[in-house]
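Have a look at the model below. The notes that follow take up its core, its ligand shell and some of its helices.

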Amino acid sequence: MSLILWLPSWAGAFNSAMTLLQNKQKLKTDYIMLFFFSAILYYCLATFEGPLLAIRWFNMIAHNSEWVIGHVHSGALGWVGMSGIAVFYYFIPKLWGKDKLWSPRLLKWHFWLAHAGVALYAIALWVAGIGEGVMWLAQGDNGELQYSFVEAMNFKAPWLFLRFFWRSAICSRLILDGLEPLQYGAHAAYSSGE
Ligand code: HEM
Ligand code: HEM
């Protein structure tokens, strides 16, 4: 039954993606559109994963593991985050009464850095989550647990380190986030003083 949830989510995503694809040329060059497009793809990812997480045997592995946190952030950073960023970049020039951003190059950098960060966040937590979930459930012939809690922690430690590492990268992403409108604002204020 849970798998039926794919239908409404993916129908909405399909409609949005096809709407954006109506202007392929703009999609190739306009990074604001690309942020929106990738937000839709992350929505597909989160809503693909969600119904799977709701299946009982799947949930036995995933529940309480890092996997759920990965799922949360595919939606939170991938879908909500990327569409938020797109809205932000779309409105900043309009609020300053300009017709384009001050630096399209910084926008491009922001796009790739943000995607590298979110993708690594999700991949690291998938591996850590599936691994620890399977290790927690593994039983020997007499029903005894095969792995201790510490062994499961040791397995996921490098993956959590990867996430930690990328959190610093995401910090630089946030700096870029702040940097661009700031520079734009300064530039706009400077031009209006001329
Ligand atoms: C059809 C779509 C979706 C379904 C069926 C679904 C299903 C689930 C399930 C079953 C869990 C619980 C996993 C567990 O703890 O065992 C979960 C957790 C969660 N999901 Fe989704 N999900 C969907 C889409 C999304 C999206 C798009 C987002 C974010 C924008 C999201 C955010 C979350 C959050 C925040 C939690 C963790 C809640 C907590 O703190 O425990 N989900 N989801
Ligand atoms: C740079 C961005 C972010 C980083 C590094 C980050 C990191 C984290 C970490 C480390 C946790 C705790 C995970 C755990 O308990 O093991 C967490 C939880 C959570 N975050 Fe984020 N987060 C970010 C952005 C966001 C955004 C933008 C949203 C929502 C739009 C969000 C929603 C959540 C939610 C709902 C939880 C609770 C999940 C649960 O307990 O099931 N996060 N985040």
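## The nonpolar core

A nonpolar core is a set of buried Ala, Val, Leu, Ile, Met, Phe, Trp, Tyr and Cys residues joined through C-beta atoms within 7 Å. This model is predicted. Its largest nonpolar core has 30 residues. Those with the most contacts inside this core are Phe 35, Ala 39, Tyr 43, Met 82 and Ala 86. Three helices each supply at least two core residues: H3, H5 and H6 (104-137). H3 gives the most, with 10 residues.

Which residues does Ala 86 contact, leaving aside its neighbours within four places in sequence? They are Ile 32, Phe 35, Phe 36 and Ala 39. Two of these partners, Phe 35 and Ala 39, are also listed with Ala 86 among the core residues with the most contacts. In soluble globular proteins, nonpolar side chains tend to be buried together.

## The shell around ligand 1

Ligand 1 is surrounded by 19 residues. The closest are Thr 47, Gly 50, Ala 54, His 63 and Gly 75. Helices H3 (31-53), H4 (56-62) and H5 (66-95) are the elements that give two or more residues to this shell. H5 contributes the most, with 7 residues.

What is the make-up of the shell in nonpolar, polar and charged residues? It holds 12 nonpolar residues, 7 polar ones and no charged ones.

H5 has 30 residues, which should span 44 Å at 1.5 Å a residue. The end C-alpha atoms of H5 are 40 Å apart, which agrees.

H5 also has a kink of about 35°, centred on Gly 81. After H5 comes Gly 97, whose phi is positive, near 70°.

H1 covers residues 6-21, 16 residues in number. From its first C-alpha to its last, H1 reaches 21 Å, close to the 22 Å expected at 1.5 Å a residue.

Why does H1 lie largely in the open? Of its 16 residues, the number buried is 1, so H1 lies largely in the open.

## Lys 108 on H6

Lys 108 is in helix H6. Is Lys 108 buried or exposed? Lys 108 has 12 C-beta neighbours inside 10 Å, so Lys 108 counts as exposed.

Lys 108 and Leu 34 are 74 residues apart in sequence. In space, their C-alpha atoms are 9.8 Å apart.

Terms used. Residues numbered from 1 in each chain as written. Chains lettered and ligands numbered in written order. Predicted model: local features only at pLDDT ≥ 70, side-chain atom pairs only at ≥ 80, totals over all residues. Near = placed C-beta within 6 Å. Helix = DSSP H or I, 4+ residues; strand = E, 2+ residues; numbered from the N terminus. Nonpolar A, V, L, I, M, F, W, Y, C, P; charged D, E, K, R; others polar. Buried ≥ 20, exposed ≤ 12 C-beta atoms within 10 Å, placed from the backbone. Contact = placed C-beta atoms within 7 Å. Expected span 1.5 Å × (residues − 1). Bend = angle between axes of the 7 residues up to and from the residue.
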